[in-house]
Amino acid sequence: MNIELKIENKVANIKIDGILNSENAHLLQEKLAEVFQSDANLLELDLFECRNISSTGIGKILLFYKDFIGKGGEIEVIRSSNSVYELFSMLKLNQLFTVNLG
Amino acid sequence: MSETQTRILVVDDSLDMLTSLCKILELHSFLAEAAYNGSDALRKLDSAEYDLILCDIEMQGVTGLDLLERIRVNMERDLEVVLMTGFLEHEYYVRAIQLGAADFLAKPIDSKALIETITKVLSKRKKRKELSNYYKHLEKVSLSLEIKPSEFSKFSLSRVVYGYLNQNHSLPSKLINQVLSCLDEMAYNSFIHGTLNLNHDERTLDSEDLRGLIQSRLNDPVIDSRRIRFSLDIDNAHHQLVMSVEDEGEGFDYQGWMDKLKNEASPTTQEHGRGLALLYHFADHLEFSDSGRKTTVIKNLEAR
């Protein structure tokens, strides 16, 4: 699993490749903490190459979401793989933020 | 056309090149189908099965690399892709390898090199499929592991199982993904709750402190004596995949949780019970036994 973070003009972009699970979810948590501490007010998640996300990974995103909207931030999944899109739809996360497929 | 004839999708936006490549392949008894660009190839891939794709990299719109990426990531298809190119920058080459390109052919295409490359790639594919074909015809294939806590924390069980399923069983990628998601929930619970017995405050420590705490627990002889047992059965006779994870912890009130899960319209996103909810929704059948120490997930397999 690989996570890339770029922050530019108050927009943070996190790209996740592979499977985000309980073994590596702390890596996402570290990147999300960097976003929270930055001046970014929009987090774009690129999950096109992310094959799946475990409940631990979902938990990290939801915890961040709660804190981030609390300071006026927004999240958007700009691309997602079929499996992640299905998972986010099943969990109704698309009611919290925009989730785009592919 | 014989049913065993190898089916190749040829993708190039040069009509002359496309026609001549298809002719060469047909002369060597391959069944060649033409796709006039990347988008046309994606449409054809949606409606037919192929053994191999022969694809130009430099195309307008959906390039060869775009096509390879969509096959691997979004369509999750297990087929061989040979890329053709007049030049190849290092960055493109690395990306193509990462995405699992089977081989490369330099343009202009030499027909002898073309047939040799395709034959070599298909031969490797055939060898890879032989073992899974053998397992497919057995009534039942099992993998069983008994893991010490210290070993468990060194190597992810998901990686072990992914490697095992990928190498030995031809299962759809979507099914493998769901099985790995279930396994991650089961293994995490067995390790964190059932073996290390971490409470909520301990589990929510920052990653550095949590790592330190886990290491100190692993040095405890009582915890070191515990075992996590994993089993995976591919039951071809009943078209089922049966996966269990068992620990030696205190168990939990699984009946209460099952009643709650059955009444939820969609899985909860709340911290408490989110993993169980995902298990319940991914499994075709979810079962707890031994006071909740053992979790079993059953996934139905299509007749193979």
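Helices (H or I, at least four residues) and strands (E, at least two) are DSSP runs, numbered from the N terminus. This is a predicted model, in which local features need pLDDT of at least 70, side-chain atom pairs count only at pLDDT 80 or more, and totals for chains, interfaces and linings use all residues. Residues are numbered from 1 along each chain as its sequence is written, and chains are lettered from A and ligands numbered from 1 in the order in which they are written.

**Exercise 1. State how many helices and strands chain B has, and compare its radius of gyration with that of a compact globule.**

Step 1. Chain B holds 13 helices and ten strands.

Step 2. The radius of gyration is taken over C-alpha atoms, and the globule rule is 2.2 Å times the number of residues to the power 0.38. For 304 residues a compact globule would come near 19 Å, but chain B has 24 Å.

Step 3. Along the principal axes, the C-alpha atoms of chain B fill a box of roughly 70 × 45 × 40 Å.

Step 4. Chain B is divided into domain 1 (7–130) and domain 2 (140–300); such bounds come from an automatic or database domain assignment. The centres of the two domains, taken over C-alpha atoms, are separated by 39 Å.

**Exercise 2. Describe chain A by its elements and its radius of gyration.**

Step 1. Three helices and six strands are found in chain A. From the N terminus on, they run β-β-α-β-β-α-β-α-β.

Step 2. The radius of gyration of chain A is 12 Å, close to the 13 Å that the globule rule gives for 102 residues, so chain A is as compact as a globular protein of that length.

Step 3. A residue counts as buried if 20 or more other C-beta atoms lie within 10 Å of its own, as exposed if 12 or fewer do, and as partly exposed in between, with C-beta atoms placed from the backbone. Buried residues make up 45% of the 102 residues in chain A. In chain B they make up 30% of the 304 residues.

**Exercise 3. Give the strand order of the five-stranded open sheet in chain B and name its edges.**

Step 1. Two strands pair if DSSP finds at least two bridges between them. The order is β6-β7-β8-β10-β9 (chain B), with antiparallel pairing.

Step 2. At the edges stand β6 (140–147) and β9 (285–289) of chain B, each pairing on one side only.

Step 3. β9(B) pairs with β10 (residues 294–300) of chain B over five bridges, in the antiparallel sense. F288(B) has T295(B) as its bridge partner in β10(B).

**Exercise 4. Find the residues that touch the most other members of the largest nonpolar core, and the element that gives chain A the most contact residues from chain B.**

Step 1. A nonpolar core is a set of buried Ala, Val, Leu, Ile, Met, Phe, Trp, Tyr and Cys residues joined through C-beta atoms within 7 Å. The largest has 60 residues, of which L43(A), F88(A), C182(B), L183(B) and L279(B) touch the most other members.

Step 2. Helix α8 (residues 173–195) of chain B supplies the largest share of this core, nine residues. Apart from it lies another core of 30 residues, among them L25(B) and M84(B).

Step 3. Two residues are in contact if their C-beta atoms, placed from the backbone, lie within 7 Å. Between the chains, 20 residues of chain B are in contact with 23 residues of chain A. α8(B) gives the most to the side of chain B that touches chain A, with seven residues.
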